[in-house]
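Have the fold open beside you as you read.

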Amino acid sequence: MYTFRRWWSTNGLRLGLMVAALSLTWVVRQTNGLPVLELYRWIQQAFQGIPSNAEVLETARIQELQSQLQEVQQQNQQLRSLVDYPALDGQQTILSPVIGRSTDQWWHQILLGHGSRDGIEVGDVVAGTGGLVGRVSHVTPSTSRVLLLSDPASQVGATVSRSRAMGYLRGQAGNLATLVLFDKVPDIKPGDAVTTSHLSHLFPAGISIGTVRSIDLDKSPAPEALIELTAPISRLEWVVVHPNPKRATAELSGGEE
Amino acid sequence: MDRLNPGVRHAIDCLVTVASVLLCALILPARFSGIELLGTGPNWCLIWVVAWSLKRTPLQSGLAGLCLGFVQDGLSMAQPSHALGLALAGVLTARLQKQRYIQEDFISVAMIVFAMAVVVETTMAIQFSLQYLVAAAPKSYPLLTRTWLYHQQIALSSAILSSLWAPVIYYPLNRWWRLAQATE
């Protein structure tokens, strides 16, 4: 007992600190970095400088286009109801700033300045200027994390617009992705546009992804094409978050394919 | 610093340490000019772990590695864990016994960070490979080769950037801990 008490008096504090540090960081891990990310967002807002002239104009232009888009969507909805086309439920898109990038080298992610408080949910589709960017993977009250298309772990069902050749897209580092085609002799040529396919569990069909840069028909086991993503992912400053109509199926299947 | 009583001094020491960890976590997602290479930034958590481990026991260093790894797990993806690689880096750094063999300067710290960055990224690549092997789907074998190709690029860019930025974390922290030790 005496030895224990002596040991405790010399090492008790140290042990306590160790346990405290481990449990504190474990909480950060289990909450997906919520306290750190909320603090980051708060500081980032405080440091946000006065936007330059060009930025103001660009933001205004984006907002104008967005309201036009909403108008067009509204009309589309009405026309669809007139011809009894299966309706999409009223969707509200969210314009969100990119406030951070991936926190490690293995995952390609971006951090957005809106979160669950603004109505963003896990599985929402994120698009930037030019096309699809990725999918929301984690949310905190005022930030959300997006797994980018260029991440090697993200796989998306894709289709060549011109010929409807099908395949799945797998990210590569940078602004490139590989399209693995299902057909042995696919009808595809450089310059073709690629969009999400209706077979995708995770994304709605018909969102623009990129263009075909080169094709390797001899690739085993399936022919592959190199796709250049249209959205300049490494330079994005603003993105648009769409609620995902396929969220229910995505949750059931858990992943692509 | 001298006039404060030991309890307060200890509390301030802890506070500074925690604040420095928080700072590392907060600059992880930020990107400013000069910080990016091939789309990746320096591994600030690793730099902190190396700075901490240089003059501490392997146990303390390993625990620090685990803690920082958990924080990084929370900020990116938890599977596979970053904690394993960072704990290994901490233990290895502590085992180097730098005071005895290597002179204390920025160059040697940068060298250690360079080597440890390679250790950390290799641990990650091994974990990814094990995941794919366990999954054992025919599609996972191409992923295996890609992981190791990707690993070369990541390990090199991370090692270069982290070692170049190491003094930014190491210098002030080392100064502080030396001051704290001197007053005890």
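## First barrel

In chain A, strand β2 (residues 109-112) and strand β5 (residues 144-148) pair in the antiparallel sense over four bridges. Leu111(A), for instance, has Arg145(A) as its bridge partner in β5(A). Strands here are DSSP runs of E, at least two residues, and helices are runs of H or I, at least four residues, numbered from the N terminus; two strands pair if DSSP finds at least two bridges between them.

That pair sits in a closed, antiparallel barrel of six strands, β1-β2-β5-β4-β3-β12 (chain A).

This is a predicted model, where local features need pLDDT of at least 70 and side-chain atom pairs pLDDT 80 or more, while totals for chains, interfaces and linings use all residues. Residues are numbered from 1 along each chain as its sequence is written, with chains lettered from A and ligands numbered from 1 in the order in which they are written.

## Nonpolar cores

A nonpolar core is a set of buried Ala, Val, Leu, Ile, Met, Phe, Trp, Tyr and Cys residues joined through C-beta atoms within 7 Å; buried means 20 or more other C-beta atoms within 10 Å of a residue's own, with C-beta atoms placed from the backbone. The largest core has 54 residues, and Trp48(B) and Val50(B) are among those touching the most other members. Its largest share, ten residues, comes from α6(B).

A second, separate core of 36 residues includes Val133(A) and Val194(A).

Note on methods:
Buried ≥ 20, exposed ≤ 12 C-beta atoms within 10 Å, placed from the backbone.
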